[in-house]
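Could you take me through this structure stop by stop, telling me what to select next and what I will find there? I have it open in a viewer and would like to see the contacts between its parts.

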Amino acid sequence: MTQKTIREALNDALRQEMRRDNNVIILGEDVAGGHGGTGVIDAYGGPLGVTKGLIGEFGANRVIDTPITESAIMGAAAGAAATGLRPIAELMFVDFMGVCFDQIFNQAAKFRYMFGGKTRTPMVIRTTIGAGMRTAAQHSQCLYHMFTSVPGLKCVMPSNAYDAKGLLIEAIRDDDPVIFFENKLLYDHACDVPDESYAIPFGEANVVREGHDITIVAFSRMVHIAEEAAKTLASEGISVEVIDPRTTSPLDEETILESVEKTGRLVVVDESAARCGMAADIAGLVAEKGFSSLKGPIIQITPPHTPVPFSPPLEDAFIPSAATVVAGVHRLLK
Amino acid sequence: MGSDKNKLLDAYRRMKSIREFEERIHVENTTGEIPGFVHLYAGQEAIATAVCKHLKDSDYIGSTHRGHGHSIAKGCDINGMMAEIYGKKNGLCAGKGGSMHIADFEKGMLGANAIVGGNPPLVIGAALTAKVQGTDGVAVSFSGDGASNQGTTFESMNMAVVLQLPVVFIFENNGYGEGTGCDYAVGAESIAQRAEGFGLPAVQVDGTDFFAVEAAAKEAINRARTGQGPSAIEAVAMRFYGHFEGDPQAYRSAEELTQLRETGDCLKIFRDKVEAGKHVTKADLDQIDQEVKSVIDSAVKAAREADFPTKDDLLTDVYVSY
Amino acid sequence: MTIKAITVPKWGLSMDEGELIEWHISPGDEINIGQEIAEIETSKIAGAVEAAVSGKVRRLIAEEGEMLPVGALMAVLADDTQNDEAIDAFIATFKVEDPDDPALETAGMPNILSAKLGDMDISYLETMPHEPANIPDNGQKSGEIPVILIHGYGGDCNNWLFNQGKLGETHRVIALDLPGHGRSTKYVKDGSVKGLARVVDGFLDRLAIEKAHLIGHSMGAAIALQCALNDPRRVTSLSLICPALVGRPVNSDYITNFMQARTRKQLKPVLQQLFSDEKLVTADLIDDVLKYKRLDGVDEALKVIADAGLTTEQSAFNDNEIAGLRMPVSIIWGENDKIISGTGAHILTGKNIRSHQVKDSGHMPHMENAGAVNEILMENL
């Protein structure tokens with residue numbers, strides 16, 4: 001099998017789905033880049049290179065460079081989806097949701113319910129998340145917890161290249177609006193990825209590592225932090241089960257609850273938010289439905305309740321690390 | 001000439017249906033049987049009717065919170081609309097949308113939209129579908145003078161020009177955005193003039209004159225349909241009622257309202273014009289008045305008698321699959 | 001006697017490490033080649049390590065519970081002429097060979113290749129015998145006829161991970177992926193056993209293999225048998241492991257459930273039916289099968305094959321047909337098979353036909369009790 005990075009796996013998924021279905025289009029800022037300039041078209045191929053080369057194969061009618069106009073991009077994607085296309089709208093950074101939130105959570109998310117089940121809105125919003133690139137408060141957030149709380153949206157956050165391809169294909173084929181969160185620091189992360197197309201169903205968590213002492217639920221890049229912590233803990237004789245839910249909406253509650261039933265201890269590692277984030281959500285779930293199996297408090301490992309800082313030592317302290325996870329587990333076991 | 005007559009009678013029937021629908025809701029709303037907010041379109045009937053006259057079911061429109069008129073003009077079922085407004089299970093949106101979210105995709109009605117400035121981005125999306133799929137479809141956005149100030153509207157006009165989308169932006173200037181006059185809130189000289197600044201052809205027309213709107217809409221829609229890009233039309237026509245039903249309208253003088261009914265009623269203006277012509281008689285129009293009245297009567301009766309959704313309906317249709 | 005190393009074996013392409021579960025030997029024991037000396041569990045499956053060398057055990061290096069990379073030193077053998085210092089020096093200088101080192105690929109390491117049959121790509125895993133001198137010339141030299149391994153429904157060439165190495169010591173071995181499976185084209189035109197046998201015949205033609213030993217498992221055994229009936233001269237020997245459509249009915253619930261399983265939770269109990277010891281179904285094994293099942297076209301392919309009579313009595317082979325075969329035929333049944341079970345094990349007679357019942361095995365004896373099965377397979381070559 002071929003080793004591919006997440007960037008390559010996503011490009012694979014986009015290309016294969018665009019070949020399969022002419023109604024699949026891409027629109028966003030610099031998804032090709034270069035229009036109206038004195039240089040070449042496809043100068044960017046997506047701000048982080050994911051859509052590179054697609055305009056060459058599919059043309060400007062299906063790989064659409066837009067102005068910097070997030071509301072129009074999201075709204076156009078929703079309107080196009082409701083009328084027969086399967087648009088993939090690219091939003092450079094999730095932070096920019098601030099300027100187009102209405103089109104996503106009041107429009108796309110609500111259509112089906114508000115219109116009595118008569119519509120389908122098969123759109124995908126691809127966006128980037130995550131701190132660690134020294135890009136400060138307006139280019140580093142995760143925010144998936146906010147979208148997870150909106151009924152009508154599906155939220156997907158792959159942690160590896162295999163999942164990235166399969167989940168993106170599933171997202172494109174799905175008939176509901178899907179927000180696809182790509183962690184900027186994971187784009188070069190590689191693993192075995194089939195060349196063929198495949199779809200991974202939403203709502204099935206991946207058990208990344210089996211264990212029996214502690215359950216760690218982690219999202220996106222935090223899955224790797226959790227795995228690193230699990231390795232350290234294994235050398236201390238502590239067996240950790242790492243669960244990557246892959247999608248927060250729908251959420252595979254069963255796998256989490258079954259794991260906690262086995263281990264009796266839960267740590268949630270989440271980069272999205274200290275308050276009302278996914279850590280709080282999972283903690284709430286287990287506190288309510290898995291209380292009797294808990295042998296200790298639920299530990300939430302999140303960034304502090306601050307914006308993402310710029311200065312490297314501050315940002316490093318902001319992001320949950322394997323050491324903080326290990327310390328959290330020690331605290332729980334004490 | 002027979003076809004001209006029929007077209008005129010059709011237009012009148014549509015406009016009258018909207019007027020009767022709105023007048024009746026104005027009355028029924030006081031019974032307390034209609035849940036939530038209703039925003040009435042009375043006074044602006046000529047605009048929706050004259051624009052939608054040029055559209056097919058496969059063309060799309062996006063509407064506003066004041067959307068009953070657009071829905072009727074685009075061909076939505078009046079009984080389904082009324083049931084929806086009453087929150088009934090047999091409503092066009094199964095009772096889950098209400099007055100502000102009436103939609104019927106089969107008729108090309110992309111939904112009334114309760115967010116001011118909410119529909120223009122969606123409508124350019126519908127136009128994008130037509131462009132990508134290579135059909136001759138057209139999408140029309142109805143916005144008020146209030147929405148004309150929204151960033152989403154500006155973004156949509158710009159993107160429509162950049163991508164040369166088959167779309168028409170109709171700005172219905174009814175004098176007020178909620179309780180604030182358009183003269184105060186629109187910084188430009190006119191909405192049309194500002195739209196022109198985005199690089200699309202734009203005209204201002206008298207929205208009480210069905211024929212003026214019809215001519216402007218014909219040109220703009222034809223432009224879109226033949227791949228010549230977007231246009232904008234500002235149609236001026238005051239609304240008869242408040243922003244919402246129950247609005248005391250303290251921001252309007254009594255004289256304005258009285259005068260409006262006398263000189264700014266698009267239905268009267270239409271009647272005067274066609275009755276002066278050869279094809280249509282007063283009797284023809286009076287007969288339509290009677291027919292429309294009975295249609296609305298029975299719609300109200302049916303809506304009142306219809307069943308509400310059940311508790312089970314609460315959880316359905318959030319997603320296609322989950 | 002020189003100092004010899006016992007190292008962690010590589011079972012299949014994807015194995016890069018394994019956990020030592022249990023030693024079966026102690027320092028001082030004399031061991032023989034082929035003796036089961038330890039139990040190793042990979043993320044895919046657990047299995048017995050067979051000694052590849054003989055001699056006296058001087059040291060056990062690996063500890064039970066330890067995770068070891070492929071090629072890691074497990075134990076050291078030497079006779080008493082070697083003193084402890086020599087043993088220490090051997091251990092100190094021992095280097096783990098990189099299993100992905102291309103230099104090793106010529107000697108027994110599998111190559112993934114692909115053959116084009118019309119609009120179909122048939123992928124296969126090929127190994128050449130360790131001794132270069134044994135490499136047959138187009139597989140035609142007497143006694144040097146290649147071995148073709150044909151997996152069952154929903155399987156792939158990796159099902160032979162415990163067998164290909166052993167058979168490969170003396171023979172060129174080709175484990176193919178049937179259409180709709182593994183890395184081969186997922187589109188299946190004719191999913192019947194006859195249709196798939198035509199694909200195998202075409203595959204052998206394409207590789208210019210005139211004669212072959214055919215070893216098949218389950219549906220793959222039925223295909224091998226069909227090939228033998230199609231062209232008996234081509235098939236030098238036939239080994240049928242838990243063959244479908246030979247005397248015993250196929251559990252059609254298994255086929256339906258396997259087709260329909262979408263999630264780990266749905267698939268696990270289905271896969272557990274394959275084995276006598278359900279614990280062999282690890283999370284990674286389930287994930288691998290799920291990864292296969294998610295590929296576009298697999299659902300359709302599995303359905304085309306299932307619908308083409310895999311479980312129907314009408315498509316079963318006639319005992320007389322089998323009895324009429326002239327080449328050596330070996331039939332291997334799992335003692336505790338839940339997929340193809342019944343009492344038809346010994347009904348087949350013929351002086352060239354031998355039936356075997358393998359202990360501690362379900363439907364996958366070649367994985368669960370690879371040592372015993374390999375012995376039977378070698379015997380029939």
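**Starting inside chain A**

Begin by selecting Lys154(A) and Asp174(A): their side chains form a salt bridge, with the closest N and O atoms 2.9 Å apart. Lys154(A) sits in strand S6 of chain A, while Asp174(A) lies in the loop between H7 and strand S7 (178–183), 20 residues apart. Both Lys154(A) and Asp174(A) are buried. Keep in mind throughout that this is a predicted model.

Now pick Lys165(A) and Asp12(A), another salt bridge, where the closest N and O atoms are 3.0 Å apart. Here the pair links distant parts of the chain: Lys165(A) belongs to helix H7 of chain A and Asp12(A) to helix H1 (residues 6–20), 153 residues apart. Are these two buried or exposed? Lys165(A) is buried, at a relative accessible area of 0%. Asp12(A) is buried as well, with 16%, because the cut-off for buried is under 20% relative accessible area.

**The two domains of chain A**

Next, colour chain A by domain: domain 1 covers 2–193 and domain 2 covers 206–333. Taken over C-alpha atoms, their centres are 27 Å apart. Each side brings residues to the contact, 28 from domain 1 of chain A and 28 from domain 2 of chain A. Together the two domains bury about 2200 Å², with carbon and sulfur atoms giving 56% of that area. Select Arg134(A), Tyr144(A) and His145(A) to see the residues of domain 1 that lose the most area to domain 2, together 28% of what that side buries.

How many salt bridges cross between domain 1 and domain 2 of chain A? The rule finds three. For a salt bridge to display in chain A, show Asp163(A) with Arg246(A), whose closest N and O atoms are 3.2 Å apart. On the domain 1 side, highlight helix H6 (144–148), strand S6 (154–156) and helix H7 (161–173), each of which supplies at least two residues. By class, that side divides into 16 nonpolar, nine polar and three charged residues.

**Across to chain B**

Bring chain B into view. Two pairs of chains touch, and the pair with the most contacts is A and B. Chain A gives 47 residues to this contact and chain B gives 43. The buried area is about 3500 Å², 63% of it from carbon and sulfur atoms. Select Thr83(A), Tyr113(A) and Phe115(A), the residues of chain A that lose the most area to chain B, together 19% of what that side buries.

One salt bridge is counted between chains A and B. To find it, show Arg112(A) and Asp317(B), with their closest N and O atoms 3.5 Å apart. Then highlight H3(A), which provides the largest share of the side of chain A that touches chain B, ten residues. That side is made up of 19 nonpolar, 17 polar and eleven charged residues.

**Across to chain C**

Turn to chain C, where 20 residues of chain A are in contact with 14 of chain C. Chain A and chain C bury about 1300 Å² between them, with 41% on carbon and sulfur atoms. Select Tyr162(A), Glu196(A) and Glu204(A), which supply 39% of the area that chain A buries here, more than any other three residues.

This interface has four salt bridges. One to display is Lys186(C) with Glu196(A), the closest N and O atoms being 2.7 Å apart. Another salt bridge joins the side chains of Arg264(C) and Glu204(A), at 4.0 Å from N to O. Arg264(C) lies in helix H6 (residues 264–272) of chain C, and Glu204(A) in the loop between strand S8 (190–193) and S9 of chain A. Both ends are buried: Arg264(C) has a relative accessible area of 12%, and Glu204(A) has 6%.

**Last stops**

Finally, show chains B and C: no contact joins them, and their closest C-alpha atoms lie 15 Å apart. A search of the whole structure finds 63 salt bridges over all chains.

Notes: Residues are numbered from 1 along each chain as its sequence is written. Chains are lettered from A and ligands numbered from 1 in the order in which they are written. This is a predicted model: local features need pLDDT of at least 70, side-chain atom pairs count only at pLDDT 80 or more; totals for chains, interfaces and linings use all residues. Side-chain values use heavy atoms; hydrogens and water are left out. Contact means heavy atoms within 4.5 Å. Buried area is the accessible area (1.4 Å probe) that two parts lose on being put together, summed over both. Helices (H or I, at least four residues) and strands (E, at least two) are DSSP runs, numbered from the N terminus. Ala, Val, Leu, Ile, Met, Phe, Trp, Tyr, Cys and Pro count as nonpolar, Asp, Glu, Lys and Arg as charged, and the others, Gly among them, as polar. Domain bounds come from an automatic or database domain assignment. Buried means under 20% relative accessible area, exposed over 50%, partly exposed in between (1.4 Å probe, protein chains only).
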